[in-house]
Amino acid sequence: TKFSYIIKIAEFYYESSAKMMQQRMKDELNLNYSKIYKISNTNFRVYLGPFDNLKTLKKAFDDISPLNFENIEIIKT
């Protein structure tokens, strides 16, 4: 099986909220590689990845730890 995971930061009802989170990550953590996935018209996921090895996945997870979110998920793609 192929190693492919994403780190889900959060899901939002409004796209504008997702974009604000993305901007916050750029401003506070200097992370310029987050993405937004439109799940439906009212559900937007902010995530990092996909990652193809454990080392880069761990580094990205450590990079976002200052956000102190309790619901960060690692999802197999």
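**Close-up views of a predicted model**

**View 1. Strand 2 and strand 3 form a hairpin with 2 residues between them.** Helices (H or I, at least four residues) and strands (E, at least two) are DSSP runs, numbered from the N terminus, and two strands pair if DSSP finds at least two bridges between them. This is a predicted model, in which local features need pLDDT of at least 70 and side-chain atom pairs count only at pLDDT 80 or more, whereas totals for chains, interfaces and linings use all residues. Residues are numbered from 1 along each chain as its sequence is written, and side-chain values use heavy atoms, with hydrogens and water left out.

**View 2. The open sheet holds 4 strands in the order 2-3-1-4, with antiparallel pairing.** Strand 2 and strand 4 stand at the edges with a single partner strand each, so one side of each is left without a neighbour in the sheet. On average, neighbouring strands of this sheet are turned by 40° against each other, direction ignored; axes are lines fitted to C-alpha atoms, for helices over the stretch in contact, and angles run from 0 to 180 degrees between N-to-C directions.

**View 3. Strand 1 and strand 3 run antiparallel and are joined by 6 bridges.** Ile7 stands opposite Leu48 in strand 3, and Phe12 has Phe44 of strand 3 as its bridge partner. Strand 3 is mostly covered, with 7 of its 9 residues buried, where buried means under 20% relative accessible area, exposed over 50%, and partly exposed in between (1.4 Å probe, protein chains only).

**View 4. Lys8, in strand 1, counts as buried because its relative accessibility is 12%.** Not counting residues up to four places away in sequence, Lys8 touches Arg45, Val46, Tyr47, Asn71, Ile72, Glu73 and Ile75, a contact being heavy atoms within 4.5 Å.

**View 5. In helix 2 (residues 54-64), Leu57, Ala60 and Ile64 are buried.** These residues cover an arc of only 65° around the axis, which puts them on the same side of helix 2; the arc is that of the directions from the helix axis to the C-beta atoms. On the other side of helix 2, Leu54, Lys55, Lys58 and Lys59 are exposed. The buried residues of helix 2 pack against strand 1 (5-12), helix 1 (15-29), strand 3 (43-51) and strand 4 (73-76).

**View 6. At the start of helix 2, a side-chain oxygen of Asn53 reaches to within 3.2 Å of the backbone nitrogen of Lys55.** A polar contact is a pair of N or O atoms within 3.5 Å; within protein, one must be able to donate a hydrogen and the other to accept it, and residues adjacent in sequence count only if both atoms are side-chain atoms.

**View 7. Gln22 lies in helix 1 and is buried, with a relative accessible area of 17%.** Leaving aside its neighbours within four places in sequence, Gln22 is in contact with Ser34, Lys35 and Ile36.

**View 8. The protein chain averages a pLDDT of 93, and 100% of the residues score at least 70.** Here pLDDT is the predictor's confidence in each residue, from 0 to 100. Within the protein chain, confidence is lowest in helix 2, at a mean of 92, and highest in strand 2 (residues 34-40), at 96.
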